[in-house]
Amino acid sequence: MKVHEYQAKDFFASYGIPVEQHMLCYNADEAVSAYKSLGKEKAVVKAQVLTGGRGKAGGVKLASDEEDIARKTTEIIGMSIRGFQVEKVLISEAVNIASEYYVSFAIDRNRKSVLLMLSSEGGMDIESVAHNTPDRIFRFSIDPMLGIPDFLARQFAFTLFEDIDQVNQLAAILQKLYRLFLEKDASLAEINPLIQTGDGRLIAIDAKMTFDDNALFRHTDVLDLAELTKEEEQERSAKQKGFSYVSLEGQIGCMVNGAGLAMATMDLIKLYGGSPANFLDIGGSSNPVKVIEAMKLLLSDKQVRVVLINIFGGITRCDDVATGLLEAFKQIETETPVIVRLTGTNEREGRLLLQNTQFLVAETMSEATHMAVKIASESH
């Protein structure tokens, strides 16, 4: 789960990480009031959306008086950035920037540890820095049994600074950011840029945090901040109903029992020239109600031209799946072709139930996939 910059900064401030003065605003009048409250000659108007690239899209502007603040707030609110409409802005004090740095904690799944990344190339697209000048990014795997004691924090800080005052400031920021990262079950905590002011202070003037969805039940303060997209709402709803769902961009809707078989089904669709619309694992239950909910979810995607149901009957009985499908289509009217492949426990009984219905029945996975790809391409 992602949060906005202002929300991440609230977490930063609560852990003692220095941030600039800022106020959240929803219109030009609020922005002007915020500008007056800051009492600074210049301020920055920053779009608050759950995506990056705000600066390049024109969502970050410097303003120098009340009229300028009002005008630029009006320009930004309502604009679209990577498909996200701007509904609010952050009015932040303009800070005297001497230099910019990059700091982040993320999960390194290969090493099964937290990864600290530091760079003197802050304020830039870190992926471009990694591609063009990888030597300017320092990476440190954090031993979970050791964490970041004082000596390690200073050792890391010396990679960016020589002056002991900046070293001590960065060391303290690293320790606080790491504690925040762990205690809130984050998957990313990023400062880009961390700036050094003209008088030598280090301040986080941008903040980004992403949290582990599976740990949100432990953090109601984080969960309360959720602003879900339509796809994320579908995925959360699916999880509450007992199955795993991820929306994709293809035309073949997939309903499968078992994550491994679901991945194999998607691979076979791609192999045969098709494109899956989703990943959907209904799990090992034989409850027909779950099939009904899964079908409703699949058919709610307007991009789906054909549905492929691939069931291997182990724990899940094929006749129960067939019963669930027949029940679902008493409640859902659709002209979308539905291909069903049933194999395993009670597969003959399941196929018999589906005879002389609107379903297209296949015996093998290859046959079913070929049928789905052909129908999707013909209805293009």
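Which loop holds glutamate 335? Let's find out as we walk through this predicted model.

**Stop 1: a loop residue.** Select glutamate 335, and you will land in the loop between α11 (318–331) and β17 (338–344). Is this glutamate 335 buried or exposed? With a relative accessible area of 82%, glutamate 335 is exposed, because exposed means over 50%.

**Stop 2: an open sheet.** Next, colour the four strands that form an open sheet in the order β1-β6-β2-β3, with antiparallel pairing. Look at β1 (22–25) and β3 (60–63), the edge strands, each of which pairs on one side only. On average, neighbouring strands of this sheet are turned by 20 degrees against each other, direction ignored. What holds strands together in a sheet? They pair through backbone hydrogen bonds, either parallel or antiparallel.

Stop 3: Zoom in on β1 and β6 (residues 89–93), which run antiparallel and are joined by four bridges. Show methionine 23 here, and you will see that isoleucine 91 in β6 stands opposite.

**Stop 4: two helices across the sheet.** Select residues 28–38 to bring up helix α2, which lies across β1, β2 (43–47) and β6. The helix α2 runs at about 170 degrees to β1. Then select residues 66–76 for helix α3, lying across β2, β3 and β6. Compare its direction with that of β3: helix α3 runs at about 170 degrees to this strand.

Note on methods
Residues numbered from 1 in each chain as written. Predicted model: local features only at pLDDT ≥ 70, side-chain atom pairs only at ≥ 80, totals over all residues. Heavy atoms only, no water. Pairing = 2+ DSSP bridges. Axes fitted to C-alpha atoms, helices over the stretch in contact; angles between N-to-C directions. Contact = heavy atoms within 4.5 Å. Buried < 20%, exposed > 50% of the residue type's maximum accessible area, 1.4 Å probe, protein only.
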